[in-house]
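Hello,

Here is the structure I promised to pass on. My notes follow below it.

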Amino acid sequence: MAGLILTIQGSGGIVSHLIGGFLTDHLGPRATFFGGMITNGLTLFLLGSSRNLTAVVVFSFLTGAASQIYKPASAVFVKETASPSDRPRAYGLLYWAVNLGYAVSMSAGGVLANLGYHLLFLINSVASILCGVLVWVMSRRFNAHQPRRVKSPNLRTALKDRLALHYILSWLPFGIVFGQATTTLPMAMERSGLAVNSYGIVITANALVIIAVQPLLGPIFARYDHSRILILGMVVLGIGFGSNVFATSLVSYTGSVVIWTLGEIAVTSVNQSIIASLSPRGIDGTYFGLYGVVWSGTFALAPLLGSRLLSIGPNYLWVACLLLCLGAAAGQRVLAPAIRSRAAALN
């Protein structure tokens, strides 16, 4: 039942990206971010207060449907406040902040859960509402200078953009590989005879590397062609996951995590910058929303495909991860010239 409820919440999360993109294009990122966070806070409180299965199912879906509304809005915030050359650093810092909060929440969540789940949901609810209010207040100057938006952006227009659609869909193989970090990696470590708590130690290296390195690499990545950085990141991430073929100990698994985390940093610094360069003003929220839908979809496919390969043999899984990343990088190599031309025309 818990798995079913989480699936229902996840399906709401996929819808949430489309809602966030639509609202960003029609209402602007400031109002969308604020409204999304307030709604998320309210649904979290109602979910934490639910005492029967029907209410849990309903509010789980609504929480999922509100949880990602802010993402297209935050992406458009960065696009419209940072110059094209500075966007990799800005998006990288945004990703850094999210990971810093995630690292804190993983520790605090366990402590709060021991004190009572209702308190955990209440604090989450208050934090979400405070976040919305903070952004609303601090972005007043941004809203006053916001460029005029088109009158009727729609999903069909974005779906007809073949270059953007091919770019967004090219994230499927990469996302499937990246999703193994939270699905099959702990199972593979257990097969290697490592203790259950070993995964927590290993994955902590991911957060520590991002927190320590992301602010340093962002300005460097901004100097180079975004597509080349993206391709490099995909290859490095593939090598990192592929190196698990040789991993047998806590140290070797940690080493592979450090390698693919460096690839993750490169990819996440430029991927949203590329979407920003592909999307015309006024419909950019929809483009970021579509990207969010595909990215969320990969996390549904990742455990299905990864667990099947793991059951055949761990080496098959890790070799497949390397090949998928190399394939994704090759796809980006093909798209790179058209992406550069679009970016030059729009920016």
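How far is the sulfur of cysteine 321 from the closest cysteine sulfur? It is 6.9 Å from the one in cysteine 325, too far for a bond. A search of the whole structure finds zero disulfides, a disulfide being a pair of cysteine sulfur atoms within 2.5 Å. Cysteine 321 is buried, at 2% relative accessible area, while cysteine 131 is partly exposed, at 27%. (Buried means under 20%, exposed over 50%, partly exposed in between, with a 1.4 Å probe and protein chains only.)

A word on the numbers: this is a predicted model, where local features need pLDDT of at least 70 and side-chain atom pairs count only at pLDDT 80 or more, while totals for chains, interfaces and linings use all residues. Residues are numbered from 1 along each chain as its sequence is written, and side-chain values use heavy atoms, leaving out hydrogens and water.

The largest nonpolar core has 60 residues, and Tyr167, Trp171 and Phe174 touch the most other members. (Such a core is a set of buried Ala, Val, Leu, Ile, Met, Phe, Trp, Tyr and Cys residues joined through side-chain atoms within 4.5 Å.) Its largest share, 11 residues, comes from helix α14 (residues 250-278); helices are DSSP runs of H or I, at least four residues, numbered from the N terminus.

Leaving aside neighbours within four places in sequence, phenylalanine 174 has contacts (heavy atoms within 4.5 Å) that include Met234, Trp295 and Cys325. Apart from this core lies another, of five residues, among them Met37 and Phe142.

Best wishes

Note on methods:
Helices (H or I, at least four residues) and strands (E, at least two) are DSSP runs, numbered from the N terminus.
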